[in-house]
Amino acid sequence: MSTVTHTSDQRRPDAASPADSAAGRRAKAANSIGGRIFNGFSHLFLAVWAIMVVYPLLWVVMSALKTDSEVIREPLSLIPKSLQWDNFARAWTAGIDSFFLNTLLVLAFSVTLTMLLGSMAAYALARYEFRGNRLIYWMFLSGLTLPVYLAAVPLFKGVYNMSVVFPLLGPNKHATLILVYVAWSLSFTVFFMHSFFRTLPHSIAEAAMVDGASHTRAFFSVMLPMAKPGLVSIGIFNVLGQWNQWYLPTLLMQSVAGEPKHQVIAQGLIELSVNQGYKSDWSGLFAGVTMAMLPVLIVYIVFQRQVQSGLTAGVGK
């Protein structure tokens, strides 16, 4: 008969010594402190960034509600003594009304054409394999690498020469600016929508064509509605980019033979700043800037969730 003795130094393999548990607690405490410090710095950075973004916007809006003397005496103050709503009426009659009308007219056609042509081209390049597919795609992308300033001289001369044959496509014409905006925005639209269409299941379009739908019907009735988040995102980018565009309108919307210039909002604000500056009407100038800024800000706030979902849809699929 044998007996088995257990020595006191035998321990369970998974038992932790007091020293190990103490070291683990110290590591957790250090990680907790480091996480708190990192969170504190990140929140501080975000707070400073928010102030840098929000303060100039509030400063412009509140300066539009001041008198000219308040703008000069207390330029950094955000609290006007009394709200001067007539500043907006004065800026509107100074030319903002025609600037808004021209801008809305141009953007209504340019953004629509950009979205239509860009989504069709992106879908064809993403959905169908054919000879020259990648070449056409890279030619679209090459437009992103070309600064618009390099095309100023040939674009200017081309538009003026075009007016001899097609008077509606000459300088100071809405149709000219619409087509130039479409060409300027098409590269990024094709790039964005091409990546988005590649994430969509092609089996749905194939099922629609099995049921008798044509390629065009499958695109407009099936694939395009599925790409709504991407369309909203790229639509917002196109609206913001074309609304804030200043160089192209200044280059192309020049008066010819003494006719009035069809200025858009970004171009007109420069002239308004000069005119109101000579008149020392600083409150009217701030009111004009506020009216030009608020529409795109409201559009982004309303559609911000669609923009975020469109930007992250390709990553999540």
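**Helix packing and core**

Helices α7 and α8 cross in a right-handed sense (a crossing is left-handed if the near helix is turned anticlockwise from the far one by less than a right angle, and right-handed if clockwise). This is a predicted model, in which local features need pLDDT of at least 70, side-chain atom pairs count only at pLDDT 80 or more, and totals for chains, interfaces and linings use all residues. Residues are numbered from 1 along each chain as its sequence is written, and side-chain values use heavy atoms, with hydrogens and water left out.

The axes of α7 (residues 202–210) and α8 (residues 215–226) lie 9 Å apart at an angle of about 145 degrees. Axes are lines fitted to C-alpha atoms, for helices over the stretch in contact, and angles run from 0 to 180 degrees between N-to-C directions. Helices are DSSP runs (H or I, at least four residues), numbered from the N terminus. His202, Ile204, Ala205, Ala208 and Met209 of α7 meet His215, Ala218, Val222, Met223 and Met226 of α8; contact means heavy atoms within 4.5 Å.

The largest nonpolar core has 58 residues, and Tyr181 is among those that touch the most other members. Such a core is a set of buried Ala, Val, Leu, Ile, Met, Phe, Trp, Tyr and Cys residues joined through side-chain atoms within 4.5 Å. Helix α3 (residues 86–127) supplies the largest share, 13 residues.

Leaving aside neighbours within four places in sequence, Tyr181 is in contact with residues including Leu107, Ser110 and Gln242. Gln242 belongs to helix α9 (residues 228–243). Gln242 counts as buried because its relative accessibility is 1%, and buried means under 20% relative accessible area (1.4 Å probe, protein chains only).

Definitions and conventions. Helices (H or I, at least four residues) and strands (E, at least two) are DSSP runs, numbered from the N terminus. Buried means under 20% relative accessible area, exposed over 50%, partly exposed in between (1.4 Å probe, protein chains only).
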